Each structure stands twice: as structure tokens, then as C-alpha cells.
Amino acid sequence: MPSLPNLLSLCRIAALPPLAILLATGENWWAAALFMVAAATDFLDGYLARRQDTTTAFGAAIDPIADKVLVNGVALLLAGLGGLGLWGTLAALLILAREFVVAGLREAVGGGALPVVRLAKYKVAVQMAALTLLLAAPELPPAAHGAGIVLLWIAALLTLWTGAGYVRRALSTAG
């Protein structure tokens with residue numbers, strides 16, 4: 001039986017299909033609520049694993065994968081349903097592209113050579129805040145959508161900044 005922290009990470013991945021259904025059926029409040037619960041598991045799983053001394057190699061691998069599935073999956077859903085507009089979709093594409101680059105680099109140089117940096121944790125928090133606001137935006141005043149897009153661009157810039165750091169480290173490791 002997987003540990004509670006690993007189950008929480010797996011729940012982030014499992015949240016994507018219900019989120020897609022909620023978004024497709026216009027249940028924005030429910031989608032935002034489910035996303036917030038799923039996002040909260042990102043902070044809770046690591047805390048519990050450290051507190052319970054149950055950190056595992058599986059947990060270290062699945063946690064960032066779950067983040068990427070949740071964040072990028074919801075961004076793609078929002079883009080596909082027209083909820084991001086051109087500029088929001090561009091920010092989402094930059095975030096998605098960076099994730100592929102960093103995943104490829106980690107594979108090429110070995111994950112231990114490119115450990116997660118603290119700024120990357122803040123990046124995920126900003127991504128999740130932006131997406132929560134964008135999920136709820138159709139039910140909020142129009143300025144909420146604009147604020148969500150601004151937050152998404154802040155997340156995209158943090159994403160690119162941390163990605164550039166990973167590229168620099170990978171190049172120094174390889175060379």
C-alpha cells in the first residue's frame with residue numbers, strides 16, 4: 001500500500017479527468033474548488049513525507065510529475081475551451097515547453113544532477129494560484145480574468161527563469 005504522501009500525489013493526477021468534465025459542463029466553481037484541493041495536496045504530501053519520515057524515491061519522482069500533469073493539464077483544458085485567450089495560451093505554451101525541456105535534461109544527466117530549486121516551488125504555487133483564478137474567472141467580475149492572465153505570465157517568467165537555471169546546470173554537468 002502506498003504511503004499517504006504518495007497517495008496524495010497520485011490524487012493530483014486522478015483529479016484531471018473530473019476537472020475536464022467540470023470545465024466542459026461549465027461548472028467553474030466546482031472546477032476551481034477541486035483544483036484548489038488538488039493543489040493543496042502538493043504542499044501537504046511533502047510536509048507529511050518529511051514529518052512521517054516516509055520519503056521515497058517513488059515519491060520524489062511522482063510529486064513533480066503530478067504537479068506537471070495537474071498544472072499543464074488544466075492549462076491545456078482552459079486553452080482548448082477558450083478560457084485563456086491568445087496571451088494566456090502563449091504563457092501556457094511557454095510553461096509546457098519548459099517542462100518538456102527540463103524533463104529531457106533530467107533524463108539526460110540523471111535526476112540527481114538537477115535537483116528541484118526553491119524558486120521552482122514558488123513557481124508551482126504561482127501557477128496554481130493563476131489557474132485557480134482562471135478556473136473561477138467566468139463566475140467573477142471581468143477583471144479576475146485579466147488578473148489571472150497576469151499571474152499566469154508571472155508564473156511563465158518564473159518557469160523560464162528556473163528552466164534557464166536547469167539548462168545552465170545541465171551544461172556544466174555535461175561539459
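Modeller: Start with exposure. Buried means under 20% relative accessible area, exposed over 50%, and partly exposed in between (1.4 Å probe, protein chains only). This is a predicted model: local features need pLDDT of at least 70, side-chain atom pairs count only at pLDDT 80 or more, and totals for chains, interfaces and linings use all residues. Residues are numbered from 1 along each chain as its sequence is written, and side-chain values use heavy atoms, without hydrogens and water.

Colleague: Why is Trp87 called exposed?

Modeller: Its relative accessible area is 57%. The cut-off is over 50%, so Trp87 is exposed.

Colleague: What makes Arg12 and Asp63 a salt bridge?

Modeller: The rule asks for a side-chain nitrogen of Lys or Arg within 4 Å of a carboxyl oxygen of Asp or Glu. Here the closest N and O atoms are 2.7 Å apart. So the pair qualifies. Asp63 lies in helix α4 and Arg12 in helix α1, so the bridge ties together parts that are 51 residues apart in sequence. Helices are DSSP runs (H or I, at least four residues), numbered from the N terminus.

Colleague: How do you know whether Asp63 and Arg12 are buried or exposed?

Modeller: Asp63 has 16% relative accessibility and Arg12 has 0%. Buried means under 20%, so Asp63 counts as buried, and so does Arg12.

Colleague: Why is Lys68 called partly exposed?

Modeller: Its relative accessible area is 23%. That falls between the 20% and 50% limits, so the label is partly exposed. Lys68 also meets Glu99 in a salt bridge at 3.3 Å, N to O. Glu99, at 5%, is buried.

Note on methods. Helices (H or I, at least four residues) and strands (E, at least two) are DSSP runs, numbered from the N terminus.
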